[in-house]
Amino acid sequence: MKTVMIHGQSHKGSSYHIGRMLSDRVAPEEDIVEFFLPRDLNHFCLGCCRCLEDEKNCPFFDEKNTIEKAMKNAELLIFTTPTYCMRASAPMKSFIDLTFTYWLSHRPKPWMFRKKAVVISTAAGAGTGSAIKDITNCLFFWGLSHVQKIGFSVQARNWEEVAEKKKLKIEKAVDRTAKKLKKVKNPGIRLMTRLFFHIFRSYMNNEDLMESPLSNDYLYWKNMGWFEGKRPWNASS
């Protein structure tokens, strides 16, 4: 399956190696596209809100658009991040900030709802759960329903130092995840995703928003036909 990997680090540590272990089990090399943060998106959100007017107004649109196009063409998204200070890495958090217009509360991408995703994080000690949650929370609000997690405390500074027994446990977890991914051909839409969509639909279906900074969000929803009964997860593209 076509796979896009977004790494929240530039070095190839334990999280990276687990991500590659998984991608190699589900896709041939020519179907894997990788992005490294901050190398491929080395910016923090400026809070200028120009993207609320038009996504192309973002000062970093070209780099973001390269990643977005790759994600749109993929069936599977794999996110890897080391656990830094009990959370996802700063470059990964910056990427999340720069994609906030993709969220259900603004202009969700119809093609995102049927994607599969895996979030991977490792730590020398504790914290993988909270690091993974930083990303899975974002993916939920992007509209993804099929998201799996792999988190390991590796008790090591790098992949070479990880004990062989630990690597065997990791391989088994990766094998289980790969099998699950292969079985799911057309991910269903979670009840919570539908619920939050309807919550934001109720909020957006208000012409008074035309006098607010969210006017283009309102027009986006209206032009998509989501006020009249169409749903993003039923879109063909």
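A cavity here is a set of points, on a 1 Å grid over the protein atoms alone, where a 1.4 Å probe fits but cannot get out. Grid points are joined across faces, edges and corners, and a volume is the space filled by probe spheres set on the points.

Welcome to this structure, a predicted model in which local features need pLDDT of at least 70 and side-chain atom pairs count only at pLDDT 80 or more, while totals for chains, interfaces and linings use all residues. Residues are numbered from 1 along each chain as its sequence is written, and side-chain values use heavy atoms, with hydrogens and water left out.

## The cavity

The structure holds one cavity of 30 Å³ or more. The largest cavity has about 40 Å³ of space. Its lining (residues with an atom within 4 Å of a point) consists of E55, F61, K64, N65, E68, T101 and Y102. By type, the lining divides into two nonpolar, two polar and three charged residues.

## The salt bridges

A salt bridge is a side-chain nitrogen of Lys or Arg within 4 Å of a carboxyl oxygen of Asp or Glu.

| Pair | N to O distance |
|---|---|
| R20 and E29 | 2.6 Å |
| K109 and E55 | 2.9 Å |
| D134 and R87 | 2.5 Å |

Helices (H or I, at least four residues) and strands (E, at least two) are DSSP runs, numbered from the N terminus.

Take K109 and E55, whose side chains meet in a salt bridge. This pair links distant parts of the chain, 54 residues apart: K109 sits in the loop between α3 (90-98) and β4 (116-123), and E55 in the loop between β2 (32-36) and α2 (61-73). K109 is buried at 10%, and E55 is buried at 14%. E55 also belongs to the cavity lining.

D134 and R87 form another bridge. D134 lies in helix α4 (residues 128-142) and R87 in the loop between β3 (76-82) and α3, so the pair ties together parts that are 47 residues apart in sequence. D134 is buried at 18%, whereas R87 is partly exposed at 42%.

Salt bridges that share partners also join R20, D24, E29 and E34 into one network. Within that group, R20 is buried at 11%, while E29 is partly exposed at 49%.

Methods. Buried means under 20% relative accessible area, exposed over 50%, partly exposed in between (1.4 Å probe, protein chains only). On a 1 Å grid over the protein atoms alone, a cavity is a set of points where a 1.4 Å probe fits but cannot get out, and a pocket is an open set with protein on both sides within 12 Å along at least five of seven lines; lining residues have an atom within 4 Å of a point. Ala, Val, Leu, Ile, Met, Phe, Trp, Tyr, Cys and Pro count as nonpolar, Asp, Glu, Lys and Arg as charged, and the others, Gly among them, as polar.
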